[in-house]
Amino acid sequence: MPIRTRFTTWRPLVTVAVAALAATLLAPAPAAAAGTPPRESRPVHSYDDAIREAVWVDTGLDEDDDGRTDRVAVDIVRPAEPARRGRKVPVIMDASPYYSCCGRGNESERKTYDANGDVVRMPLFYDNYFVPRGYAVVGVDLAGTNRSDGCVDVGGRSDIRSAKAVVDWLNGRGTAYTTRTGAERTDAGWTNGRTGMIGKSWDGTIANGVAATGVEGLETIVPIAAISSWYDYYFSRGAPLYDSGPDWLSDYVESPDARARCGAVQRELVDGAPRTGDPTPLWTERDYVRAAKKVRASVFLVHGMQDLNVRMQHVGPWWDALARNGVDRKIWLSQTGHVDPFDFRRAEWVATLHRWFDHELLGLDNGIDREPVADIERRPGHWVTSKSWPPRETRAATLRPARGDGDGAGTLGLRKGRGTATFTDDPGLGETDWAARIDTSTPEKAGFVTGPLSRDLRVSGASEATVTVTPSAPTAHLSAVLVDLGPDTIRDYAAAGEGITTLTDRTCWGASTEGDSACYRETRARTTDVGHTVVSRGWADLGHHGPDGKSAPLTPGKRYTLTLDLAATDHVVPEGHRLALIVAGTDRGLIDPPADTPTLTLDLARTSVRVPVAGGTAAFARATAGSGPAPDAGVRDGVRPPHTVQRVPGEGGGAPGGR
């Protein structure tokens, strides 16, 4: 189903009072006339002299069952000059489980502290860059991690409450203490409460979850490669994506103290997330898309279209739900895997993020609200923009598979096919193998292709494939894959860097101190030449064919109909290339195999795929009516199979274990 599009509507700029306050924190551009409002915050405050402090915010929960409410550690870096003048500053906040166990960013930075317990190094460049520009930067240890009390419940109330409580405290509604166990309270009188949350992967997921509470004072979020529904992190319509559940992940990031006290929460994670893939209250609580109607904050979303950790399935439903709620939105879509934009488009990212926060938190009229909504990486390092996303002219084209004339692939077009196609699940093969042998009849897949296109065809949004199949066994998994058949140079998203290579040279992004450098290793695109590119993918367990989403044993020989959701994307299939639909069983490395090894018979007359095409059915008909250049013959190599299946929403990037 195509993602619905809505014009981006922007809230009016903040009140004159707040804008005037912002002006006192900024240095006007040299060429600006006297009295002209500033368009950009400037680094006029000392980073060396910044105030560094720690507070512990009370969450009101006692998840670790120690008889007192849990407190989460909040490390703060803020400019000293506004505080001395009684002026309040906005906050950029990153709430993370990784500050101690695993590190943040491509270089896996961890927090470090001085003898007083105040933060010396805050990971990432945010404090180095934004504190001199009049922002406070706040790093929150999620409950159960680093210096915080409580337990990690993987996107549930403890995770979300531990970050939301900090937003409440910043806005005068919460309680914080100067120590983890003491009674001395402290307030946040230095901030105006206007908060923006940012973070990659689990951190960005927390931003999504807090925004979905509708908490007052959270003005914007910047979720990077973030989860919007935890069920969809572990399952795809019942098909398991990993061989473990949230209990493993909780144990991975918890502090030793929390691990010793949080057995009850661990049991809840096990009991509430059965490996059947059935919906449960645990998953409902962790579905932020359902609560998108509560979101007040604007959203600047960034995701890699080839992210095989937090997959693009998390983008479409969230983006669509935000649109229905009229949320102000912006999006960047890269060709990378699970990579931060600081590591694939650094200069442009820092500049754009700066302007975004200036507009959303300082109320500066810098024009970012009048720019195109979407930036899309079309080739490695080459970007295009789109006024809306998906484009307003996008419509779903219903494409149908049919039998071919020979022993190779069938056809893919607008006319309904007849007959059947049969394949047998082979867990040792995956989408790369299927696409490479698309023109050869092989037993593990059913493939269908268009002729060579006579003009470019843009696929933009989410697709869905409806299949009718008859299994030979009580269990079966299905994969549906859209593939661009033709030569190209793409980012090597399946390699260790997921599309980037980390270099030795460093560039600096903000001010540094002896204990906190603003200088980071540069990167470049890691590319590979391919003969085909996977455009979109989706998976399902055929046992979850019912409307209630619950699993049921299959009756061999009985026909079942099921719809697979294919991830959102934005891809141009060039003139001369072909578009392919592949239907198969286990996608090696991306879903786990079923208990049986079924043979499945596909009813072509009752199978179709709805593909969002710029220009809709008419554009597809035009692109396939003529005769483009003949396709190249032979095997079409794609990227290698993914180097590993990540079970941690934060791993990935250009360095081993980088986040």
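**Exercise 1. How many disulfides does the count come to by the rule that a disulfide is a pair of cysteine sulfur atoms within 2.5 Å?**

Let's start with the ground rules. This is a predicted model, in which local features need pLDDT of at least 70 and side-chain atom pairs count only at pLDDT 80 or more, while totals for chains, interfaces and linings use all residues. Residues are numbered from 1 along each chain as its sequence is written, and side-chain values use heavy atoms, with hydrogens and water left out.

Step 1. Cys101 and Cys102 have sulfur atoms 2.1 Å apart, and they form a disulfide.
Step 2. For Cys151 and Cys262, the sulfur atoms are 2.0 Å apart, and this pair forms a disulfide.
Step 3. Cys508 is joined to Cys519, with 1.9 Å from S to S.
Step 4. The count comes to three disulfides. Counting bonded cysteines along the chain, the pattern is 1-2, 3-4, 5-6.

**Exercise 2. Find out why the disulfide of Cys508 and Cys519 is right-handed, and where its two cysteines sit.**

Step 1. The torsion about the S-S bond of Cys508 and Cys519 is about 95°, so this disulfide is right-handed.
Step 2. The pair links distant parts of the chain: Cys508 is in strand S23 (residues 500-508) and Cys519 in strand S24 (residues 519-525), eleven residues apart. Here strands (E, at least two residues) and helices (H or I, at least four) are DSSP runs, numbered from the N terminus.

**Exercise 3. Decide for Cys151 and for Cys101: buried, partly exposed or exposed?**

Step 1. Take the cut-offs: buried means under 20% relative accessible area, exposed over 50%, and partly exposed in between (1.4 Å probe, protein chains only).
Step 2. Cys151 has 0% relative accessibility, so Cys151 counts as buried.
Step 3. Cys101 has 29%, so Cys101 counts as partly exposed.

**Exercise 4. At roughly what angle do the axes of H4 and helix H5 (residues 202-211) cross?**

Step 1. Axes are lines fitted to C-alpha atoms, for helices over the stretch in contact (heavy atoms within 4.5 Å), and angles run from 0 to 180 degrees between N-to-C directions.
Step 2. The axes of H4 and H5 come within 9 Å and cross at roughly 70°.
Step 3. Angles under 35 degrees count as roughly parallel, over 145 as roughly antiparallel, 65 to 115 as roughly perpendicular and the rest as oblique. H4 and H5 are therefore roughly perpendicular to each other.
Step 4. Look for the residues that make the contact: Asp159, Ile160, Ala163, Lys164 and Val167 of H4, and Trp202, Ile206, Gly209 and Val210 of H5.

Key. A disulfide is a pair of cysteine sulfur atoms within 2.5 Å.
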